[in-house]
Amino acid sequence: MDIRVVVGLNVQRMRRARAISQEELSLLSGCTRGYLSGVETGRRNPTVVFLDGLAKALGADVAEFFVRPSGRGDTRKDVAEKAGRHQRKRRGGD
């Protein structure tokens, strides 16, 4: 799976988990809603500087954006669930 898709799915999962709209997150991270939408759908290739700011806006670690699915057939939902489990493990859950 393309790393841009992995990053985008993780950004979207974290944003939704925090009940933040794309508009709100774009304001917090200093980008347009359209650019953020492109990141979430894997159509944009964000810089590490942008991802660092996005992670700070989400109160997350930038490494969480790069959690890959384990299998080829993983769906968007599978990727989001695996990323969520990874995040809980890091925080002492599960």
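## Helix H2 and its buried side

A residue is counted as buried when its relative accessible area is under 20%, and as exposed when that value is over 50%. In this predicted model, helix H2, spanning residues 22-29, has Gln22, Leu25, Ser26 and Ser29 as its buried residues. These residues lie on the same side of H2 because they cover an arc of only 100° around the axis. The buried residues of H2 pack against H1, H3 and helix H4 (48-58).

On the face of H2 turned away from the buried side are the exposed residues Leu27 and Leu28. Just after H2, glycine 30 adopts a positive phi of about 80°.

## Overall architecture

The protein chain contains five helices and zero strands, and its pattern along the sequence reads α-α-α-α-α. Of the 94 residues in the protein chain, 40% are buried. The chain exposes about 5,500 Å², of which carbon and sulfur atoms supply 51%.

Among contacts in the protein chain with a separation of 6 or more, 61% are accounted for by residues 24 or more positions apart.

## Packing of H1 against H3

Two packed helices are described by the angle between their axes and by the distance between those axes. For helix H1 (residues 3-17) and helix H3 (residues 33-40), the angle is about 120° and the axes are 7 Å apart. On the H1 side the contact is made by Arg4, Gly8, Leu9, Val11, Gln12 and Arg15, and on the H3 side by Leu36, Val39 and Glu40. Sorted by class, this contact of H1 with H3 comprises four nonpolar, two polar and three charged residues.

The buried residues of H3 are Leu36, Ser37, Gly38, Val39 and Glu40. Leu36, Val39 and Glu40 of H3 also take part in the contact with H1. Glycine 42 follows H3 and has a positive phi, near 80°.

In soluble globular proteins, nonpolar side chains tend to be buried together. The largest nonpolar core in this model has 15 residues, and Val11, Leu54, Leu58 and Phe65 are those with the most contacts inside it. H1, H3 and H4 each supply at least two residues of this core. H4 gives the most, with five residues.

Leaving aside residues up to four places away in sequence, phenylalanine 65 touches Val6, Val7, Asn10, Val11, Met14, Leu51, Leu54, Ala55 and Leu58. Three of the residues in this set of contacts, Val11, Leu54 and Leu58, are named with Phe65 among those having the most contacts inside the core.

Methods: Residues numbered from 1 in each chain as written. Predicted model: local features only at pLDDT ≥ 70, side-chain atom pairs only at ≥ 80, totals over all residues. Heavy atoms only, no water. Axes fitted to C-alpha atoms, helices over the stretch in contact; angles between N-to-C directions. Helix = DSSP H or I, 4+ residues; strand = E, 2+ residues; numbered from the N terminus. Contact = heavy atoms within 4.5 Å. Nonpolar A, V, L, I, M, F, W, Y, C, P; charged D, E, K, R; others polar. Buried < 20%, exposed > 50% of the residue type's maximum accessible area, 1.4 Å probe, protein only. Areas by Shrake-Rupley, 256 points an atom, 1.4 Å probe, with all protein chains shown as cover. Arc of directions from axis to C-beta. Core = buried A, V, L, I, M, F, W, Y, C linked by side-chain atoms within 4.5 Å.
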